[in-house]
Amino acid sequence: MHTIEERFWDKVALCGRGGCWEWVGATTSAGYGHIWVQGRLEYSHRVSWMLFNHEDPGALCVLHHCDNPPCVNPSHLFLGTHQDNSDDCCFKGRNKVPCLKGEDHPSAQLTEEDVRICRMLYMDGWKQIELAALFGVSQPHISSIVTRKTWGHVQTRDCSAKGRHSNQNGGNNSSAKMTETKVRIARMFYKNGFSQRELAALFGVSQPTISDIVRKKLWNHVH
Ligand SMILES: [Zn+2]
C-alpha cells in the first residue's frame, strides 16, 4: 500500500517551464491533474497544497499563480475563493467561503523580528514556500508579508546578504544585533550546511560571533 505522498511524487515531473512541477498522471479535460485520496477524487494541485502546508484548505480553492493547470509546485499555488478564478477551482459540492484563509488575523503568529527576517531571507532568494515552512505559517501568509500587504509598519533594513560588506555593518565582534529568533535560525541553518561565513554575512555579524553562537558559547540560554 503506497502512501499519498508516494503516489503523488510518482506522478510529478520537476522540470516544467518557469519552475512548474508538472503532473504526468491523469488529468481533467481542462488539464488539471487528479488523484484518488481516501476514495475521493481530488485535484493534484490541491493535494500538493495540503501535503506542503499540512492543512486542508477546506472550502477554499487552491489556485495557480502560474496559470499552468497541471502544475503542482506549491510555491505556484495560493488559496482563494471560487470567485477568484472560476476555472481553477474545487470540485463541485464544496461550500464557498467569501474570504481568504487567515485574512482576519494574518499576522497573529509572527513577531516584528520574524517579519524582518522573513523579508530579508526573501530578498536573499528564499522561496515563499520555504519561508512558510520555516515560520510555520501558510504560503499566502508569507506572500502578504513580503509584498507588505501585512506588517507594512515594520521597517526592513537593507540587509540582504549579497549587498553586505562586513566592515560596514557587522565587522565588530558583538552579537548585539542577534535576537533569539536569529540565533535559532543561525543554528538551524548551520546544521543544514550553511558555512559560518555565509551566516555572518546573512546576519551582519562577524564569523567568530557566528562560531560562538553555533557552539553555544554565546546565547547558550536559547534552545
Ligand atoms: Zn507552475
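## Helices α7 and α9

In this predicted model, helix α7 (residues 180-191) and helix α9 (residues 207-214) have axes that come within 10 Å and cross at roughly 85 degrees. Because of this angle, α7 is roughly perpendicular to α9; angles from 65 to 115 degrees count as roughly perpendicular.

Which residues make the contact? On α7 they are Val183, Ala186, Arg187 and Tyr190. On α9 they are Ile210, Ile213 and Val214. By type, the residues of the contact of α7 with α9 divide into six nonpolar, one charged and no polar.

## Helices α3 and α5

The axes of α3 and α5 also come within 10 Å, and they cross at roughly 85 degrees. These two helices are therefore roughly perpendicular to each other.

From α3, the residues Val115, Cys118, Arg119 and Tyr122 take part, and they meet Ile142, Ile145 and Val146 of α5. The contact of α3 with α5 is made up of six nonpolar residues, one charged residue and no polar ones.

## The largest nonpolar core

In soluble globular proteins, nonpolar side chains tend to be buried together. Here the largest nonpolar core has 27 residues. Cys118, Ala186 and Phe203 have the most contacts inside this core. Cys118 is also one of the α3 residues that meet α5, and Ala186 is one of the α7 residues in the contact with α9.

Which helices each supply at least two residues of this core? They are α3 (112-123), α4 (128-135), α5 (139-146), α7, α8 (196-203) and α9. The most comes from α3, which gives six residues.

Leaving aside residues up to four places away in sequence, Phe203 touches Lys177, Met178, Lys182 and Ala186.

## The chain as a whole

How many helices and strands does the chain have? There are nine helices and six strands. The chain has 223 residues, and 35% of them count as buried.

Contacts can also be sorted by separation along the sequence. Of the contacts in the chain between residues at least 6 apart in sequence, 58% join residues at least 24 apart.

Technical notes
Residues are numbered from 1 along each chain as its sequence is written. This is a predicted model: local features need pLDDT of at least 70, side-chain atom pairs count only at pLDDT 80 or more; totals for chains, interfaces and linings use all residues. Axes are lines fitted to C-alpha atoms, for helices over the stretch in contact, and angles run from 0 to 180 degrees between N-to-C directions. Helices (H or I, at least four residues) and strands (E, at least two) are DSSP runs, numbered from the N terminus. Angles under 35 degrees count as roughly parallel, over 145 as roughly antiparallel, 65 to 115 as roughly perpendicular and the rest as oblique. Two residues are in contact if their C-beta atoms, placed from the backbone, lie within 7 Å. Ala, Val, Leu, Ile, Met, Phe, Trp, Tyr, Cys and Pro count as nonpolar, Asp, Glu, Lys and Arg as charged, and the others, Gly among them, as polar. A nonpolar core is a set of buried Ala, Val, Leu, Ile, Met, Phe, Trp, Tyr and Cys residues joined through C-beta atoms within 7 Å. A residue is buried if 20 or more other C-beta atoms lie within 10 Å of its own, exposed if 12 or fewer, and partly exposed in between; C-beta atoms are placed from the backbone.
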